[in-house]
Amino acid sequence: MQAHVHPIDKKRLEERLVEGKVYALSGFVVRVSEGNYMTCSNRFMMYIGSQTVVDDIDGDVDSIPLHRFDFVDFGDVSSRNCDNSLLTDVIGQVVEVRPIQEVLKKFRMIQICSLRIEDFSGKEQEVTLYGNLANDFYAEIREKCRQGPVVAVFSGMCVRYYKAPTQESQSISKLAQELRSSWRTIKQFQSLDPFESQKNTRFLCRASIIKIDCAKGWSYHGCFHCRRSISGDGSEFWCNRCDSVNKKRKGPVWWYKLDAVVENATGTMNLMIFAEEAQELIGVAAEDLFDEITNENRHTVPDAISNLIGSTHAFQVSIDDRSLGFVVKWVLNDDDLMLLKHSSSSQMTVGGDSPLPEEDGSSSASSCSSAYGNRTCLTFFDACKPMSDKMCCVFLLEIY
């Protein structure tokens, strides 16, 4: 069974619980799972809060396994494309590991490690790891592959369908130049004509949040995949955009919908901040805040949201096609702004198929560049939705 810990109790539990030890839990709540990013198939979830009591269990507890996996056959992986209701576990022999490469995500260079595994029937599956997980895996697999064949377990993965990589390249310095030229003041935003502005044009603006209007609420039930509002008939919910493609109806997700008033020296304006962009600012998933309020106080601003008032941020903003209002597409943090400031000398190229140089004495298992064409690929994104890098685990098993 999967467990959920409210953010306000997270620190207490982190200091109390140690991975590998066994505990007796009491005073928790059991609810039906939301059905998104589940690590096991149990439809119920434990909700651990301040009232939960945690007691150590001493003695022989070897009968309780530390790990459990629900392995998916490689032939069934493609049926899970974009289905994040239950994360995917696979096992296979590592037959190829490609060198670490860098890809551009927003304004950040993220390192990836692409590899190929094979099951006992000879079926092959692509796997892509991102961020720190990619680097840690690549460092360990190089040593393991020198010693002999290696079987790996990849747990807590998402499935995505990828087209062949494009050959277009773009330098960070060019992107930085475009971003730097897009700074606007609020006064300049107010003079924009939405009917004359080019579609999908984005601008940067630094402003302080002075008010969050919750007259129409601060959240909405939306599609897990595209974030748009979902339809319902009282008993079922569906997304008019995604369900016709996926042929499956997913449970709705609570997303943020913040109508913020921002201000700088040139004036004030309204910004709509949705979903992940709002969650990045607040630091808590929207569904976690519902534990703090009742139905009668749904329009009351929770403390985690009201704490944003008075804070200053750099927003990337575009004009919404339907409402013609301003919508936040990206909230730049201090690292992003530092990269933007000092990236004029950066000349890293993105999108080409040339691998990074291998180190001397590297294993023959890491010899090919990434060119896997139109395939389903098991992926772990270190910046993926509400997941953290600890939800994906890789276990290497040596064959003797």
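A contact, in what follows, means heavy atoms within 4.5 Å. The other term to have at hand is pLDDT, the predictor's confidence in each residue, from 0 to 100.

This is a predicted model, in which local features need pLDDT of at least 70 and side-chain atom pairs count only at pLDDT 80 or more, while totals for chains, interfaces and linings use all residues. Residues are numbered from 1 along each chain as its sequence is written, and side-chain values use heavy atoms, with hydrogens and water left out.

Confidence to begin with. The chain has a mean pLDDT of 76, with 74% of its residues at 70 or more. Helices (H or I, at least four residues) and strands (E, at least two) are DSSP runs, numbered from the N terminus. Among these elements, the highest mean pLDDT, 94, belongs to strand β17 (residues 267-274), and the lowest, 30, to strand β20 (residues 349-350).

Over residues 381-390 pLDDT stays under 50, and the model has 23 contacts beyond four places in sequence for them. Residues 164-170 also stay under 50, with 18 such contacts. Where pLDDT is low, the predicted coordinates should not be read in detail.

Next, strand β4 (residues 44-48). Buried means under 20% relative accessible area, exposed over 50%, and partly exposed in between, with a 1.4 Å probe and protein chains only. Four of the five residues of β4 are buried, so the strand is largely enclosed by the rest of the structure. Which strands flank it? Pairing requires that DSSP finds at least two bridges between two strands. Strand β1 (residues 2-5) runs parallel to β4, joined by four bridges, and V5 stands opposite I48. Strand β3 (residues 29-32) is antiparallel to β4, also with four bridges; there V30 has M46 as its bridge partner.

Now helix α2, residues 131-147. Its 17 residues reach 26 Å from first C-alpha to last, close to the 24 Å expected at 1.5 Å a residue; that expected span is 1.5 Å times one less than the number of residues. Buried residues in α2 include L133, F137, I141 and C145. Just after the helix, G148 takes a positive phi of about 145°.

Taking a disulfide as a pair of cysteine sulfur atoms within 2.5 Å, the count is zero.

Last, A265, in the loop between β16 (253-264) and β17. A265 is exposed, at 87% relative accessible area. Its C-alpha lies 8.6 Å from that of A207, 58 residues apart along the chain.
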